[in-house]
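Student: I have the sequence and the model open. Could we work through the packing, one question at a time?

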Amino acid sequence: SFGDVSVAAACKRYGLSTALFLMICNLYTCPDYKPDTSSLSADDIARTLRYLRLSHNYYMTVQLPKVQRGVAALAGDCNNIQEKVLIKFFDELVAEIGSHFDREERIFATIDRRLAGEGVAECPSLDVDADHDDIGDKIDDIKSIVIKYLPEKCPTELRLEVLMEIYRLREDMHNHILIESRLLEPALKRF
């Protein structure tokens, strides 16, 4: 519950399906959870798409810029080569995530048309594994650079702050992928 309000009452207040809300919560908290999506409606799928779109916006406008500021601060204590490598890897990560989200947004638009009955023959597959491994690998590369290859003069506190943001990004992206692969993709098979 949320204080004195039950989950069901809070979901009703905000026009959310309790089942969908609990599925997303369980995906975030239980690593092996595989939801039974058979009860999800077209409205639930539309809400899931909205949630994923808002997540895309959050990553691109809040979370990645926050990491970028930390990476830029760390780069200031690096020699020219280290700075270029660090910035290059981070820029490639941002470009890859942006490209991935753009591709998903195009697929989401097709799903929207299908759910609205606009003559789309079938819902397209998200092909959830296509880019996700590459993104995870790039995030891991950034972590490795920060941990192993930056000069000792980089402030430890700043390095730890940046690492925490990178780990948070990795975890958030992982949960985002779980929503796509374990909730949205199976639910779409019924539509």
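Student: Is L183 buried or exposed?
Tutor: This model is predicted: local features need pLDDT of at least 70, side-chain atom pairs count only at pLDDT 80 or more, and totals for chains, interfaces and linings use all residues. Residues are numbered from 1 along each chain as its sequence is written, and side-chain values use heavy atoms, with hydrogens and water left out. Buried means under 20% relative accessible area, exposed over 50%, and partly exposed in between (1.4 Å probe, protein chains only). L183 has 1% relative accessibility, so L183 counts as buried.

Student: Which residues does L183 touch, leaving out those up to four places away in sequence?
Tutor: L183 is in helix α6; helices are DSSP runs (H or I, at least four residues), strands likewise (E, at least two), numbered from the N terminus. Contact means heavy atoms within 4.5 Å. By that test L183 touches L20, M23, I24, L27, P35, T37, L40, T48 and L178.

Student: How far apart in space are L183 and K34, C-alpha to C-alpha?
Tutor: In sequence, L183 and K34 are 149 residues apart. In space, their C-alpha distance is 7.8 Å.

Student: What is the orientation of α2 to α6?
Tutor: Axes are lines fitted to C-alpha atoms, for helices over the stretch in contact, and angles run from 0 to 180 degrees between N-to-C directions. The axes of α2 (residues 18-29) and α6 come within 9 Å and cross at roughly 125°. Angles under 35 degrees count as roughly parallel, over 145 as roughly antiparallel, 65 to 115 as roughly perpendicular and the rest as oblique. Therefore α2 is, relative to α6, oblique.

Student: How do the residues of the α2 contact with α6 divide by class?
Tutor: From α2 come L20, M23, I24, L27 and Y28; from α6 come N175, L178, I179, R182 and L183. Ala, Val, Leu, Ile, Met, Phe, Trp, Tyr, Cys and Pro count as nonpolar, Asp, Glu, Lys and Arg as charged, and the others, Gly among them, as polar. The division is eight nonpolar, one polar and one charged.

Student: And α4 with α6: what is their orientation?
Tutor: The two helices pack at an angle of about 20°, with their axes 14 Å apart. That angle is why α4 and α6 are described as roughly parallel.

Student: Which α6 residues make the contact with α4?
Tutor: On the α4 side are L93, H100, F101, E104, F108 and I111. By class, the whole contact has eight nonpolar, two polar and two charged residues. The α6 side supplies L169, M173, H176, E180, L184 and L188.

Student: Which residues have the most contacts inside the largest nonpolar core?
Tutor: A nonpolar core is a set of buried Ala, Val, Leu, Ile, Met, Phe, Trp, Tyr and Cys residues joined through side-chain atoms within 4.5 Å. The largest has 25 residues. α3 (42-75), α4 (80-115), α5 (129-149) and α6 (156-188) each supply at least two of its residues. Those with the most contacts inside this core are L74, L86, L93, V146 and L150.

Student: How many residues are in the second core?
Tutor: This core is separate, and includes L20, I24, I45 and L52. Its count is 18 residues.

Student: Which accessibility class does D91 fall in?
Tutor: D91 sits in helix α4. Its relative accessibility is 40%, so D91 counts as partly exposed.
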